[in-house]
Amino acid sequence: MTEPAPSDDLLDALIIGTGVAGILQLHRLREQGRTVLAVDAAPGVGGTWNWNRYPGARVDSESYTYGYYFSEELLADWTWTEHFCSQPENEAYLNHVVDRFGLREHIRLRTAVTAATYDDGTDTWTVRFDDGTHRRARFVITAVGILSAPQYPAAPGREDFQGVSAHTARWPHEPVEVEGRRVGVIGTGSSGVQLITAIADRVGELTVFQRTPNWCPPLNNGPLTAADMTDLRGRYQEIWAACQALGSVYAAPAHPASDLSPAQRRTFFEDLLDSKRGLASLYANFVEVMVDPGLNREFAAVLADRIRARVDDPAVAERLVPRHHFGVKRPPLETGYYEVYNRDNVTLVDLLEEPIERITRTGVRTAAQDYDLDVLVYATGFDAVTGSFDRIDITGARGVSHRDVWKAGALTHVGVATPGFPNLLYVGGPQSLVGNIPRVVEHQVEFVSELVGRALDDGVRRVEVTQEAAQAWTDHVEEVVDTTLYRTGQSWMYGSNTPGKARAFGLYAGGLRAYVDRLNGIRADGYTGFVLSTS
Ligand code: NA7
C-alpha cells in the first residue's frame, strides 16, 4: 500500500495567518495534540509585525498589554525594552514564542491561500495555495487580521512611477534608501505619522500628502529598565485583570465629566496628555467624550491648541487641525510629529485643496502642480476588516460565496462564525473589540479551541451558526455603535476609506467585558446560536 501524499492527509485544522492570533491558535490546538498547519503568505511569522517593517513602526498599546499571557514562563523570561516596543522587537518576540513552544514545524510560510472550499459530502475544507498545492482540513480557522489587506489610492499611473515606491504594509526586507532623497508620503494615519517622524531628518526633501488630518495625542514612550521589568513581572496578573474592561491598563474616571468645572476639566485633559501614555486619551478619558459632542469638542480644543503652539507657520498648523470628532478615526500617537512641519525640508500638501490627479513617471501630480520624487511611500492603509477575507475565494455549504454573504458588511455570530460556512471559525476577525487586539484574541482563541476540541472529540461533523444568531449579533454591533460618536465618522472601522464599500461598523464598541461575557454565556448555555451536527 502506498502512503498518501502529504496533501491528502486530513488535518484537524488549518489556520490561515501566523500573526498574534494565528500563533496563539496554533499553540492551543497543538497543546490538545491536534494535527494543525498554519500557513502565511509572508516570509516570516508575525503578521502585521512582519509586513509593516517601515521605519518608525511600533505598537500603540503598551508592550506588556500587547504580549501573550498564557504562559508564566514566557512572562518571566521576556524583556521589553520600551513601553511601546518597535516593530523589530515585537517581531523578535513573536518569533521567540514560536520557537519556545515548538510551533515552527507546523507553519508553512510564503504560502498564500487563494481559495477554501467546503465539501458538503465529507464535511471537510479544501484549502488551495498560490503554489498550486492544497491541504484538506476538518476546520479552517482564519487569523488573517482586520488590517492586513493593503490599499493603494485609486489615482491612475502607479505603475508609471520610475523611482522606488513601497506601501507601509508591504515594506521590503532590504532597506529602502531615503537618505538625502526626495521622498513623498501619501497618508497621515498611524503608519504615516510614525514613518514621517522617523525619516524627516534623514531625507533630502519630504513631501507629505495629507487628505484628512487626524488627532494625534502624544505617545509618551520611554525605556523600560531592569527595575521596571521586575516591577511589571510582579504585577502581570494585575495588569491583565485591568485590561479586561477596555483592553488597556487605563480606566475611565469613576465620576462624570459634569462633576468638574470647565477649568478643572481643562486641567484633567492637560494632565491626561502629559502624564499618561498611549491611548490613555481614549481609555483614561471620560466615557462621555465618545458620546457627547460638546465634551468631545472641549477635549479636541486642547489638542488643537497644542498643534497651534507647536507648529510655527499658522497656515500649516490650521491644515493639521482636524475637523472631525476626536477618536472617531483611530488616533495615531505621536512623538515629535508636529515639529516635523517646522523643518525647512518638509512640505505639507493638503489634498483637500489640491487632490491627487495621477501618479506620474517622476512623482505625484495634484490639481495644483507636479511633485518630483525619488521615493514614493503609500501609507494609505487597508481594505479593513473584511478585505483580507474578500481576497480569498471562500465557498461554503451549497456553493455559497463568502464575499457575497459579506457584501453589505460582516455578518457573524459574536465575531466567530458566519451562517452557511460550517467548520469555518474566525479569531481576530470582524465584529469584536475596538481596541487592543491581543486582549480580545486570547478569549476568542479559548472559545474556538474548546469548540473545535469538543467537536473533534465528540464526533461532531459540522459546527454552524444560525442566520438568526448572526443577524442578532450584527444588529447589536450597530445598536451599540449608534450610541457613540463613532457613527459620525468616516473611518476604516466603517469601511469608508475603501471606495464603493458598504458602510457597516466592523468592530464591537461595547467593551471587552461585555464581549467576553457574551462568549462565556454562549459556551455555558451549550453554544447558543451554534448548531453542532453529528450526522
Ligand atoms: P489608516 O489609519 O487607514 O490611514 C491611511 C491614511 O491614508 C489616511 O490618512 C487616509 O486619509 C490616507 N489615504 C487613504 N487613501 C488615500 C488616497 N486615495 N489619497 C490620499 N490619502 C489617502 O491606515 P494606517 O496604516 O495608518 O493605520 C491603520 C491602523 O493601524 C491604525 O488605525 C491603528 O489601529 C494601527 P483619509 O483619512 O482616508 O482621508
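Visitor: Which residues have the most contacts inside the largest nonpolar core?

Guide: In this predicted model, they are Leu206, Tyr341 and Val416, within a core of 135 residues. Helix H15 (residues 437-458) gives the most to this core, namely nine residues. A second, separate core has 25 residues, among them Tyr118, Phe421, Leu424 and Tyr426.

Visitor: What is Val416 in contact with, leaving aside its neighbours within four places in sequence?

Guide: The list is Leu424, Leu425, Tyr426, Phe447, Val448, Tyr515, Leu519 and Phe530.

Visitor: Why does Arg34 count as buried?

Guide: Buried means under 20% relative accessible area. Arg34 has 12% relative accessibility, so it counts as buried. Arg34 lies in the loop between helix H1 (20-31) and strand S2 (36-39). Beyond its neighbours within four places in sequence, Arg34 touches Asp12, Leu29, Gly453, Leu456 and Asp457.

Visitor: How do you know that the span of helix H16 agrees with its 15 residues?

Guide: The expected span is 1.5 Å times one less than the number of residues. For residues 467-481 that gives 21 Å, and the end C-alpha atoms are 21 Å apart, so the two agree.

Visitor: What makes the buried residues of H16 line one face of the helix?

Guide: Those residues are Ala469, Ala470, Trp473, Thr474, His476, Val477, Val480 and Val481. Seen down the axis of H16, they fall within an arc of 155°, and therefore they line one face. Glu468 and Glu479, on the other side of H16, are exposed.

Visitor: Which helix do the buried residues of H16 pack against?

Guide: They pack against helix H17 (512-524).

Conventions: Residues are numbered from 1 along each chain as its sequence is written. This is a predicted model: local features need pLDDT of at least 70, side-chain atom pairs count only at pLDDT 80 or more; totals for chains, interfaces and linings use all residues. Side-chain values use heavy atoms; hydrogens and water are left out. Helices (H or I, at least four residues) and strands (E, at least two) are DSSP runs, numbered from the N terminus. Buried means under 20% relative accessible area, exposed over 50%, partly exposed in between (1.4 Å probe, protein chains only). The arc is that of the directions from the helix axis to the C-beta atoms. Contact means heavy atoms within 4.5 Å. A nonpolar core is a set of buried Ala, Val, Leu, Ile, Met, Phe, Trp, Tyr and Cys residues joined through side-chain atoms within 4.5 Å.
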